[in-house]
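Hi,

Here's the structure I promised to pass on. Have a look at it first, and my notes on what turned up follow below.

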Amino acid sequence: QVQLVESGGGLVSAGGSLRLSCAASGRTSRIYSMGWFRQAPGKEREFVAAIIWTGGTTYYADSVKGRFAISRDNAKNTVYLQMNSLKPEDTAVYSCAINTRPDTSKYDYWGQGTQVTVSS
């Protein structure tokens with residue numbers, strides 16, 4: 001089992017920045033990649049960004065490219081999401097997740113989520 005705990009959410013004005021953190025514990029040797037997802041009220045959960053644990057290759061949704069940056073600290077088993085130039089439409093609950101297999105995009109472990117609210 002792997003446990004995930006997110007932190008760093010909050011209220012920010014449009015154009016501002018936030019950094020989310022997600023710390024993994026437990027069987028962290030199973031991590032192949034870690035991702036961030038978000039879900040706004042009344043909408044489906046959507047992919048935001050992901051990073052391959054070994055090598056650091058990153059992937060982004062088109063809606064956040066150039067504004068968000070995902071990074072990781074392998075020693076701390078922590079992934080970060082730096083969010084800049086935030087927009088009201090970025091308001092959502094952000095969750096991190098772990099994928100344990102390179103042959104699937106399925107995420108096996110999820111955090112509880114952290115609220116990000118961007119005011120206009």
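Before the strands come up, a word on naming: helices (H or I, at least four residues) and strands (E, at least two) are DSSP runs, numbered from the N terminus. Two strands count as paired if DSSP finds at least two bridges between them.

Keep in mind that this is a predicted model, where local features need pLDDT of at least 70, side-chain atom pairs count only at pLDDT 80 or more, and totals for chains, interfaces and linings use all residues. Residues are numbered from 1 along each chain as its sequence is written, and side-chain values use heavy atoms, with hydrogens and water left out.

Let's start with strand S9 (92-99). Seven of its eight residues are buried (under 20% relative accessible area; exposed is over 50%, partly exposed in between, with a 1.4 Å probe and protein chains only), so S9 is largely enclosed by the rest of the structure. What does S9 pair with? Strand S4 (residues 33-39) runs antiparallel to S9 and is joined to it by seven bridges; Gln39, for instance, has Val93 of S9 as its bridge partner. Strand S11 (residues 114-119) is also antiparallel to S9, over three bridges, with Val116 of S11 opposite Ala92. Then there's strand S10 (residues 109-110), again antiparallel to S9, with two bridges. Here Ile98 has Tyr109 in S10 as its bridge partner.

Now for the charged side chains. Side chains of opposite charge can pair when their charged atoms come close. A salt bridge here is a side-chain nitrogen of Lys or Arg within 4 Å of a carboxyl oxygen of Asp or Glu, and the count by this rule is six.

One of them joins Asp90 and Arg67, with the closest N and O atoms 2.7 Å apart. This pair links distant parts of the chain, 23 residues apart: Asp90 is in the loop between strand S8 (78-83) and S9, while Arg67 is in the loop between strand S6 (58-60) and strand S7 (68-73). Asp90 is buried at 0% relative accessibility, and Arg67 is buried too, at 11%.

Another salt bridge connects Arg38 and Glu46 (2.6 Å, N to O). Arg38 is buried, at 6%, whereas Glu46 is partly exposed, at 35%. Arg38, Glu46, Arg67 and Asp90 are linked in a network of salt bridges.

Finally, Arg101 and Asp103 form a salt bridge (2.9 Å, N to O). Arg101 is partly exposed at 46% relative accessibility, and Asp103 is exposed at 56%.

Cheers
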